[in-house]
Amino acid sequence: MAKRESALETMVTTPQVPISPNPEFWRGRRVALTGHTGFKGAWLALLLTRFGAKVSGYALLPSTQPSLFDTAEVEKFVVGEFADIRDVQGVTNWLRGYQPEVVLHLAAQALVRASYADPVNTMTSNFNGTLNVLEAARHLPSVKSIVVVTTDKVYRNLESAQAFSEDDHLGGHDPYSASKAACEILVASYRACFLQHLGVATARAGNVIGGGDWSPDRLIPDAVKAWQKNEMLDIRRPDAVRPWQHVLEPLCAYLVLAERLFAEPQLGAGYNFGPEKKDAVSVREVIQIAHSIFAKGTVKFAEEKQGPHEAGLLHLDISKAKTQLGIAPRWDLETSIQRTMNWYVEQSNGGDARALCERDIDAFLSLKV
């Protein structure tokens, strides 16, 4: 299992100020972004636009109402196509027509419980979609770096107390996790066989929170939906432990990684992006903090596990991202939850979704730690 870095190693190798994306790199850069209509994709589109990138998106129409894509009016500043990532000809024509320099692949069926209900859609969207992107990109001389977003759930999880490092065994009990582990193998194969000249990496991020997520079966969105109606939130697995982080943490990490791959393709590999160990806490603790901020509704914690299998314990070792890329968390758990809940409260009171996102981006990028 993972080898933990010592306190001395952390002190020596972790930069005092974590690396941020370089606006000069992104200004005018042609970026192909799949999944721009999703929660993370919409935030990433806003971030790239802030840096002056020229973004072309490819995704299905938003799957939720409301959606951050709609409320933040992402379509106004991202040229996009609404199509299925499983459409090999559609993906090929899109990339060939745009001639991107950087490809950021986020499009996926990203919900564990939904993967039990529809494993075929999950597998084909995640694996075949990634295959289509890689196959199309390998024939384009314009492409210099590719970041494929997978998940922290790609590891064979025996639920020990140790954090997973990038060298640990891949696995995947549920269809979603299995599909993403398969993507890891696919990317490694393409990198070794066809994309040796490009910087190609996978990004394995922890559980993200942030304003504007309305997906079903996600902790904070479910909480907000219940509490806005002053209803009870029923928590099915209160003691499950996850590596929680604000959505801006991994998104900025993806951009830094893409920058480095552009100049140093030999850095192509898998990378964990997550919080410090102290911020990998239980669902119960996250909800207690969130509820104290939202100050409406009630919570019921289940006494027994409910629903299909989901891992009860998950930690990530992020030392590789720190030492090789200079990436480290900026916001601790309480700050991340505070920012997230404030976003929802202010948006429900008439606040402009895009302005609220821009405010969080400003605060995140200006932070000196």
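Contact, in this talk, means heavy atoms within 4.5 Å. Helices (H or I, at least four residues) and strands (E, at least two) are DSSP runs, numbered from the N terminus.

Hi everyone. This is a predicted model, where local features need pLDDT of at least 70, side-chain atom pairs count only at pLDDT 80 or more, and totals for chains, interfaces and linings use all residues. Residues are numbered from 1 along each chain as its sequence is written, and side-chain values use heavy atoms, with hydrogens and water left out.

Let's start with the sheet. It is open and mixed, with 3 strands in the order S7-S9-S11; two strands pair if DSSP finds at least two bridges between them. At the edges sit S7 (207–209) and S11 (280–282), each pairing on one side only. Strand S9 (residues 241–246) runs antiparallel to S11, with 3 bridges, and Val241 has Ser282 in S11 as its bridge partner.

Now the helices around it. Helix H10 (residues 248–263) packs on the sheet and touches S7 and S9, at about 70 degrees to the direction of S9. Angles here run from 0 to 180 degrees between N-to-C directions, with axes fitted to C-alpha atoms, for helices over the stretch in contact. Helix H11 (residues 283–294) lies across S9 and S11, at about 85 degrees to S11.

Finally, how many residues of helix H9 (residues 219–228) are buried? The count is 7 of 10, where buried means under 20% relative accessible area with a 1.4 Å probe, protein chains only. Among them are Leu219, Pro221 and Trp227. Their cover includes S7, S9, H11 and helix H13 (333–348). After H9 comes Asn230, with a positive phi near 60 degrees.

How values were computed. Buried < 20%, exposed > 50% of the residue type's maximum accessible area, 1.4 Å probe, protein only.
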